[in-house]
Amino acid sequence: MTILLLGSGGREHAFAWKMTQSPLCEKLFVVPGNAGTAAIAENVAISATDFEAVKALVLKENISLVVVGPEDPLVKGIYDYFKNDESLKHIPVIGPSQLGAQLEGSKEFAKEFLMKHNIPTAAYDSFTAETVEKGCEFLETLQPPYVLKADGLAAGKGVLIIQDLDEAKTELRNMLVHAKFGTASAKVVIEEFLDGIELSCFVLTDGKSYKILPTAKDYKRIGEGDTGLNTGGMGAVSPVPYVDAVLMEKIETRIVKPTIEGFQKDGIEYKGFVFIGLINVKGEPIVIEYNVRMGDPETEVVVPRLKSDLVELFLSVADQKLGDFNLEVDPRSATTVMVVSGGYPEDFEKGKVISGLENIEDSIVFHAGTKLDNGNVVTNGGRVIAITSYGDNFQEAVKKSYQNIDKLSFDKMYFRKDIGFDLI
């Protein structure tokens, strides 16, 4: 079959890497893709949110499955676009409906869903520019640190955690009145801070059944020891060593099952990934957020641990036969380290030539922000390349990744040297 994958990051390169291993995948197109996907598939230089251009490509190339990597096309309703178009409705889209995508598109929608279905989450309230002073009063009722979340999509950067009450009030006004995150912060959710260890639980559902994928933990802060600004993710580890059978059972019964049942009760069409961001507070899992796609860079450690055919897995979702699918997982650990552009997550330069890729051994290279320029692979984003390795434990895996990163170079290259530091 001919398959279309939407997206251009490390997550999409990992999907492409795995799907092209399937005998069912005759041809793979990636929109718009990167230098990594260009080596194993055909990139098409159109936007993943230009649905008319996507439709034209699908019909021209006789594409029979569409896999959506990032959140933007989902929040903008690509699932519904296909479903409501006579010439496209027979083509399955792996990703939720526009209503389901609101779980990520609106923090307030997600909080209301969690409360409605009695899924454990932090206490919260939401505010707009008109109610900014009430928001400041609400902050006074909480203990520091204070958590402010832009309601809309802010590319993983719309969450502030602030120790000082006056600073929290100032930032609330910056978000609501001065549009710090543009339209994403026209509404802000304030919630109580939860103290614990974060982890990511990934679920794939066909709307009726579900499969829990390997757990992962990512490292969001730019600086070592989890300091500095939030990024899209600087590295990840799978499985999470402290997640035992007892915690997993709590996650499944208290969070995963009621989430999938909530879709059915609320009439939400959902055939795709549910990323549940959790915090483990004294052995009790509590939901921080939902995302409606796989995480990045967690995909770069979760997908390499799947032994099953990924295309077969997606088809079982499309046909609502996921309950019968036997998901096989590699028992080894996987760790990925993200190599980023100097200055990221603030200002950084693009177009730096990357050297040493051909010298990498015993690790998998996933391209994130790269492109081809006159035969050279050059930087084209903040997060540039993820280096993923296997090991009997995460320490062994991460050591291999660092050994291979030493063979890479580009101007102002940066990476964290402590991925997994808190798990030792």
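A residue is called buried when its relative accessible area is under 20%, exposed when it is over 50%, and partly exposed in between. Please keep that scale in mind, colleagues, for the predicted model shown here. By that criterion, buried residues make up 58% of the 424 residues in the protein chain.

Let me turn to the overall fold. The protein chain contains 13 helices and 23 strands. Its radius of gyration is 21 Å, close to the 22 Å that the globule rule gives for 424 residues, so the chain is as compact as a globular protein of that length. Along the principal axes, the C-alpha atoms fill a box of roughly 60 × 50 × 45 Å. Among contacts in the chain with a separation of 6 or more, 70% join residues 24 or more positions apart.

Next, the surface and the charges. The protein chain exposes about 17,200 Å², and carbon and sulfur atoms supply 48% of that area. As for charge, the chain carries 44 positive and 62 negative charges.

Where is Glu-133 found? This residue belongs to helix α8, which covers residues 132-140. Is Glu-133 buried, partly exposed or exposed? Its relative accessibility is 41%; this value lies between the 20% and 50% limits, and therefore Glu-133 counts as partly exposed. Finally, Glu-133 and Leu-99 are 34 residues apart along the chain, and their C-alpha atoms are separated by 31 Å in the model.

Methods. Residues are numbered from 1 along each chain as its sequence is written. This is a predicted model: local features need pLDDT of at least 70, side-chain atom pairs count only at pLDDT 80 or more; totals for chains, interfaces and linings use all residues. Side-chain values use heavy atoms; hydrogens and water are left out. Helices (H or I, at least four residues) and strands (E, at least two) are DSSP runs, numbered from the N terminus. The radius of gyration is taken over C-alpha atoms; the globule rule is 2.2 Å times the number of residues to the power 0.38. Buried means under 20% relative accessible area, exposed over 50%, partly exposed in between (1.4 Å probe, protein chains only). Contact means heavy atoms within 4.5 Å. Accessible areas come from the Shrake-Rupley method with a 1.4 Å probe; for residues, only the protein chains shown count as cover. Lys and Arg count as positive and Asp and Glu as negative; His and the chain ends are not counted. The place of a charge is taken as NZ of Lys, CZ of Arg, CG of Asp or CD of Glu.
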